[in-house]
Amino acid sequence: NTVYVLNGPNLNLLGTREPDIYGSDTLDDIAGMLEDRGRELGLEIDMRQTNHEGMLVDWLHEAQAEGAVAVLLNAAAYTHTSIALLDAIRAIRTPVIEVHLSDPSTREDFRHVSYVGMAAQETVQGLGAQSYVAALDVAARLQNAT
Ligand code: DQA
């Protein structure tokens with residue numbers, strides 16, 4: 001029962017990157033929070049980060065091939081640009097939940113469009129690191145509904 005947690009560009013710098021917007025938790029801190037919550041939910045966490053768009057596409061395909069329960073996807077800036085990610089999410093049956101630390105809808109206009117959101121089952125955003133934990137709860141709910 002594995003949930004893939006896929007993180008896009010610049011999220012490797014979480015903790016020091018614009019902490020006023022993204023908070024001071026690192027990606028490793030978030031992985032720890034997810035593992036704790038996952039243990040309660042009976043879900044394994046496979047946490048990954050890449051700065052490369054095509055790698056995210058490959059990992060989405062892999063999630064389906066490996067039978068992942070769900071994908072939590074913070075595609076970062078590719079959220080707002082990537083038709084390839086939109087198509088990849090539509091190409092797989094694995095449910096994808098869009099995650100953001102900040103609330104892009106309250107930020108610059110160019111963050112108001114989400115290609116990921118057009119294909120994702122649900123979106124959780126604006127809760128800081130807790131967005132990931134809340135998204136994991138959504139994944140557990142979707143799993144129990146099927
Ligand atoms: C983000 C929001 C995006 O607009 C931005 O490009 C990011 C992070 C978030 O988690 O709040 O890199 O996905």
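This tour moves through a predicted model, naming what to select at each stop and what is found there. Local features are described where pLDDT is at least 70, side-chain atom pairs count only at pLDDT 80 or more, and totals for chains, interfaces and linings use all residues. Residues are numbered from 1 along each chain as its sequence is written.

**Stop 1: helix α2**

Select residues 27-41, which form helix α2. Helices (H or I, at least four residues) and strands (E, at least two) are DSSP runs, numbered from the N terminus. The 15 residues of α2 reach 20 Å from the first C-alpha to the last, close to the 21 Å expected at 1.5 Å a residue; the expected span is 1.5 Å times one less than the number of residues.

Now colour Leu27, Ile30, Ala31, Leu34 and Gly38, which are buried. A residue is buried if 20 or more other C-beta atoms lie within 10 Å of its own, exposed if 12 or fewer, and partly exposed in between, with C-beta atoms placed from the backbone. An α-helix has 3.6 residues a turn, so residues three or four places apart point the same way.

Turn to the other side of α2, where Asp28, Asp36, Arg39 and Glu40 are exposed. To see what covers the buried residues, display β1 (2-7), β2 (44-49) and α6 (130-145), which are included in that cover. Just after α2, select Gly42, which takes a positive phi of about 75°.

**Stop 2: Arg48 in β2**

Select Arg48, which lies in strand β2. Arg48 is partly exposed, because 14 other C-beta atoms lie within 10 Å. Val5 is 43 residues away from Arg48 in sequence, yet the two are 6.2 Å apart in space, C-alpha to C-alpha. Leaving aside neighbours within four places in sequence, Arg48 is in contact (C-beta atoms, placed from the backbone, within 7 Å) with Val5, Leu6, Asn7 and Trp59.

**Stop 3: Leu72 in β3**

Select Leu72, in strand β3 (residues 70-74). Leu72 is buried, because 27 other C-beta atoms lie within 10 Å. Not counting residues up to four places away in sequence, Leu72 touches several residues, including Val3, Val5, Ile97, Val99 and Tyr132.

**Stop 4: the annotated sites and the ligand**

Select Asn74, His80, Asp87, Leu101, Ser102 and Arg111, where UniProt (unreviewed entry) places the feature "binding site". These positions are spread over 38 residues of sequence and, in space, up to 24.0 Å between C-alpha atoms. UniProt positions are given in the numbering used here, feature names are shortened, and annotations may be inferred rather than shown by experiment.

Leu101 lies in the loop between β4 (96-100) and α5 (115-119), and counts as buried, with 22 C-beta neighbours inside 10 Å. Arg111 is found in the loop between β4 and α5, but is partly exposed, with 16 other C-beta atoms within 10 Å. Beyond four places in sequence, Arg111 touches His80 and Pro104.

Finally, display the residues around the ligand (C-beta atom, placed from the backbone, within 6 Å of it): Asn10, Asn74, Ala76, Ala77, Thr79, His100, Leu101, Ser102, Pro104 and Arg111.

Terms used: Contact = placed C-beta atoms within 7 Å.
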